[in-house]
Every structure is written in C-alpha cells, then in structure tokens.
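Subject: Structure handover

Hello,

Here is the structure I promised to pass on. Please open it first, then read my notes below.

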Amino acid sequence: MINKFTQSTFQSLCDKLARSDKDLAAIIEAHGYPPMWSRPNSFETLVHIILEQQVSLASALSALNKLRERVQEITPARVLLLTDEEFRACYCSRQKTGYIKYLAEALISGQLNLAHFDEMEDDAIRAQLVALKGIGNWTADVYLMFVLQRADIFPIGDLAAVNALKRIKHLPVDTPKEILIEITAQWQPYRTVATMLLWHFYLSSPKK
C-alpha cells in the first residue's frame with residue numbers, strides 16, 4: 001500500500017511521533033508545527049530540485065527565476081530551445097545544464113511520465129528517477145517527500161536533516177551513517193514527517 005500524508009493528517013502525525021520521541025516533542029514545544037512543505041508534480045519542480053543540488057536554496061531559486069524570465073513557462077520543449085550560453089546567463093552550470101536537457105528529453109520521448117508516479121510504489125519511482133543522468137537519491141528523496149507526499153523517507157544525503165538529527169540526539173559530528181539510519185528507523189512509517197520536524201528545528205534554531 002502507498003503510504004502518504006496529507007494536509008489534514010500532517011499535524012496529527014507530528015503529534016504521534018512526538019508521543020514516541022521526546023526530542024521531536026521538544027521541537028514542537030519550542031517552535032510549533034513545521035510547515036507541510038509541498039511542490040507541484042511538474043518538470044519545473046524537478047528542474048528546481050536539480051538546481052538545489054549542492055548549492056544554497058537562495059542560489060537555486062535565483063537560477064530558477066532567471067530561467068522563468070527567459071522562457072516564461074519552464075517546459076521541456078522550451079528549455080531545449082535554449083543555448084548553453086543562455087543557460088549560463090541563467091546561473092546554470094555546464095553540468096546542471098546537461099542534466100536539465102537530459103530530463104527534458106526523457107519527458108518528451110516518453111521515457112519518463114510524471115503523471116504515472118501517483119499510483120507507483122516509492123522504490124519503482126526512485127528506480128526511474130535515478131536511472132536519469134544527474135538525478136541521485138537525494139533528488140529522488142526530495143521529490144518523493146515534497147511532491148508525492150510519501151510518508152516514510154529519510155534523506156540520508158541531506159546535510160540539514162542529518163545535522164539537525166545529530167544536534168537533537170546530542171550525537172558526535174562523526175557519527176556513522178549506519179547509526180543515523182538505525183535511529184531514524186524508529187520513526188517508521190513516518191520518517192518524512194520526522195524529517196520535516198528536523199528541518200523546522202534546523203531553520204528555527206541556527207547553530208551559533
């Protein structure tokens with residue numbers, strides 16, 4: 001069965017997690033509920049997530065807005081008309097330009113169909129996404145969490161989530177990945193909701 005959360009179940013799932021984990025409860029107590037971050041299921045959203053790889057959210061948004069200015073509507077057909085110079089003028093690196101073009105071609109050719117994802121299992125979606133050049137597990141995780149509202153994802157490649165986890169659990173900076181995965185397993189089947197609490201903590205209490 002596909003495990004999802006919705007706007008109407010989100011806060012009750014936060015409460016459920018808080019009852020079983022005092023550190024998550026402390027986040028809600030100090031900072032309130034996190035926003036339920038979501039994005040539309042579109043080519044533009046995937047482009048945005050690719051732009052967010054390994055840069056600040058502000059830099060990625062700036063590049064996305066430049067692309068919007070250039071093509072009005074970010075569609076596969078329109079971005080494929082851009083030259084590499086035009087991409088560069090939109091703050092897109094050569095590598096990310098290649099990834100965006102590859103994604104656009106995959107959608108135009110029918111190799112990828114985003115509309116089908118709603119009915120597919122998490123692992124099948126991940127397999128289709130990571131098969132594309134430039135899309136790894138972090139991009140697939142963010143897509144599953146923000147776009148498809150899949151409830152049980154912990155993005156082990158996300159520095160903000162991992163650092164927040166280490167802080168709330170008072171773990172050493174060099175705690176191995178295996179230990180972190182073990183800790184987050186206690187939040188199944190709602191690891192996505194727990195991650196949103198971690199991001200909320202990270203954004204609400206920047207490290208001095």
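What is the accessible surface of the chain, and what percentage of it belongs to carbon and sulfur atoms? The surface comes to about 10,900 Å². Carbon and sulfur atoms hold 53% of that. Bear in mind that this is a predicted model.

Now the fold. The chain has twelve helices and zero strands. Read along the sequence, the pattern is α-α-α-α-α-α-α-α-α-α-α-α.

Next, overall dimensions. The C-alpha trace spans about 50 × 40 × 30 Å along its principal axes. The radius of gyration is 18 Å. A compact globule with 208 residues would have one near 17 Å, so the chain agrees with that expectation.

Packing comes next. Buried residues make up 47% of the 208 residues. Take the contacts in the chain with a separation of 6 or more: 65% of them come from residues 24 or more positions apart.

On charge, the chain carries 23 positive and 23 negative charges. Their mean positions are 5 Å apart.

Asp23 sits in helix H2, which covers residues 22–31. Is Asp23 buried or exposed? Its relative accessible area is 16%, and the cut-off for buried is under 20%, so Asp23 counts as buried. Leaving aside residues up to four places away in sequence, Asp23 touches Ile168 and Lys169. With Lys169 there is also a polar contact: the side chains of Asp23 and Lys169 are joined at 2.9 Å.

Best wishes

Methods: Residues are numbered from 1 along each chain as its sequence is written. This is a predicted model: local features need pLDDT of at least 70, side-chain atom pairs count only at pLDDT 80 or more; totals for chains, interfaces and linings use all residues. Side-chain values use heavy atoms; hydrogens and water are left out. Helices (H or I, at least four residues) and strands (E, at least two) are DSSP runs, numbered from the N terminus. The radius of gyration is taken over C-alpha atoms; the globule rule is 2.2 Å times the number of residues to the power 0.38. Buried means under 20% relative accessible area, exposed over 50%, partly exposed in between (1.4 Å probe, protein chains only). Contact means heavy atoms within 4.5 Å. Accessible areas come from the Shrake-Rupley method with a 1.4 Å probe; for residues, only the protein chains shown count as cover. Lys and Arg count as positive and Asp and Glu as negative; His and the chain ends are not counted. The place of a charge is taken as NZ of Lys, CZ of Arg, CG of Asp or CD of Glu. A polar contact is a pair of N or O atoms within 3.5 Å; within protein, one must be able to donate a hydrogen and the other to accept it, and residues adjacent in sequence count only if both atoms are side-chain atoms.
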